[in-house]
Amino acid sequence: MPSRDQVSYFGAGPAPLPTSVLEKASQTLLNYNDMGIGITEISHRSPEANKILADTKTALATLLDIPDDYDILFLQSGGSGQFSAVVYHMVSSWVEKRRKRAEQEIKAEASDRALEQKVFDRLQKEVKEELRLDYLVTGSWSLKASQEAARLVGAEHVNVAMDARKTNDGKLGKIPAENEWKLTPTKNQGGTGAALTYLCDNETVDGVEFPSFPSALDAQSPDDERLVIADMSSNFISRKVDVSKYAVIFGGAQKNIGTTGITIVIVRKSLLPPHAPLADPRLLRDLKLPVGPIVLDWPTIAKNNSLYNTLPIFDVWVAGQVMQSLVKLYGSKKIAGQQDISDRKAQLIYETLDAHREVYQVVPDKSVRSRMNICFRVRGGDADAEKAFLAGAAEKGLLGLKGHRSVGGIRASNYNAVTLEAVQKLVGYMEDYAKGGS
Ligand code: PMP
């Protein structure tokens, strides 16, 4: 039976965590802060839990330079839960804005006692003609998110502004040029704008990462602004992010951040009450639009400091420990310090793959290669060769390298807790295998 230090784990999530954090975690499970009870036993409303929450938020805000006009929420939904939460919230917010505008304009026109009905009729028309949710589909997770949106509000309201498969022979692995995207025109472009524009910053299964924030989504003026929602589940806290460009960033913790159980949402405060009221659930029902469960309701979670219902405080604690150790390690460099290491490790793996193209073939195009999930085939996807590669790797304690079941192949996940030494061991094995020495 191998010990922990004999194994290098490259799983895509749940993913490795720093051994130092896990050692401390095992202690806190038995006795937290000399309280005589473990961390999973304390109340989520205790002062200790409140401090864990506050410290974790501070560490995240420090690492990513999150501006003050953003709120940080913790939920149990998983990344998939946020596929739905995003739709519930942004559609409700869109409807309320339209309702207010309709009410003001119709009120100005006539002092009509049938105002409410008129507003409703107009809203019904606007929903039908103008409610659009833009999705950029670059991999299986953004595809799933767009399918969830279509399930909730109807496919007629979902504009797949870009489907990477369409310009790449039906395959994922490239991001089409921005001028080919069919985004819903903004006000400045003669349109009415989308209720949201959604992207997945790093596609875990397909190994595709946006190299940077797409300039097509940059606002030139307030009338041009897009409400950009980004799923950063698999590249959270691995590189610098200009948070102010996003309306919402979300991600599950179980890759770069911590244990499975919490999902983090960074949301611009101007999208939450009291700045932005949401539509009355009765109105949404009358308009045949969905009303989400309360546990996914961002305003409710925000109002209750993420403690509307029982939050798994242990998972928040682990995330906090991971983030605080990065703050300490990188000092004033903050997340740029982690980015340097992540880039260097990814580069080592890609360089090795590129040096042996007859044996290894990287799946995505060079322009969009993920730094986090490195997807490749062995000898063109030959089943026996890939089996042998994985078996040889396992013998050397290199685990978790099997590609996602939907695509096969090999995937080396290069998350923050994967050490440089582990990557060096992996590339050493890849060299040996390519030269036939394994
Ligand atoms: N988005 C991305 C990019 C993911 O990688 C995953 C899970 N691997 C999800 C969403 C779904 O997350 P969860 O399983 O927490 O619902």
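Visitor: Which residue forms a salt bridge with R151, and what makes it one?
Guide: The partner is E148, and their closest N and O atoms are 2.7 Å apart. A salt bridge is a side-chain nitrogen of Lys or Arg within 4 Å of a carboxyl oxygen of Asp or Glu. The 2.7 Å of R151 and E148 is within 4 Å, so the name applies.

Visitor: What should I know about the model itself?
Guide: It is a predicted model: local features need pLDDT of at least 70, side-chain atom pairs count only at pLDDT 80 or more, and totals for chains, interfaces and linings use all residues. Residues are numbered from 1 along each chain as its sequence is written, and side-chain values use heavy atoms, with hydrogens and water left out.

Visitor: Where do R151 and E148 sit?
Guide: Both are in helix α5 (residues 140–153). They are three residues apart, so about one helical turn separates them. Helices here are DSSP runs (H or I, at least four residues), as are strands (E, at least two), numbered from the N terminus.

Visitor: Why is R151 called exposed and E148 buried?
Guide: Buried means under 20% relative accessible area, exposed over 50%, and partly exposed in between (1.4 Å probe, protein chains only). R151 has 61%, so it is exposed. E148 has 12%, so it is buried.

Visitor: What makes D354 and K366 a salt bridge?
Guide: Their closest N and O atoms are 3.9 Å apart. The pair links distant parts of the chain, 12 residues apart. D354 is in helix α9 (residues 335–355), while K366 is in the loop between β11 (360–362) and β12 (373–378). D354 counts as buried because its relative accessibility is 18%. K366 is exposed, at 56%.

Visitor: What does the salt bridge between E126 and R98 tie together?
Guide: The closest N and O atoms of E126 and R98 are 2.9 Å apart. E126 lies in helix α4 (residues 115–130) and R98 in helix α3, so the pair ties together parts that are 28 residues apart in sequence. E126 is buried, at 8% relative accessible area. R98 counts as buried too, at 7%.

Visitor: Which residues are linked with R98 and E126 in a network of salt bridges?
Guide: The network also holds R101, E105, R122 and E130. In the whole model, the count comes to 24 salt bridges.

Visitor: How do you know which residues surround the ligand?
Guide: A residue is near a molecule if one of its heavy atoms lies within 4 Å of it. There are 13 such residues, and the closest are S80, T204, D231, Q254 and K255. Helix α3 (residues 78–109) gives the largest share of the shell, four residues.

Visitor: How far is the side chain of T204 from the ligand?
Guide: An N or O atom in the T204 side chain is 2.4 Å from a ligand oxygen atom. For S80, the distance to a ligand oxygen atom is 2.6 Å. D231 has a side-chain N or O atom 2.6 Å from a ligand nitrogen atom. The protein covers 84% of the 390 Å² of accessible area that the ligand has on its own (Shrake-Rupley method, 1.4 Å probe).

Visitor: Why is I294 called partly exposed?
Guide: Its relative accessibility is 44%, so I294 counts as partly exposed. I294 lies in the loop between α6 (281–286) and α7 (298–303).

Key
A polar contact is a pair of N or O atoms within 3.5 Å; within protein, one must be able to donate a hydrogen and the other to accept it, and residues adjacent in sequence count only if both atoms are side-chain atoms.
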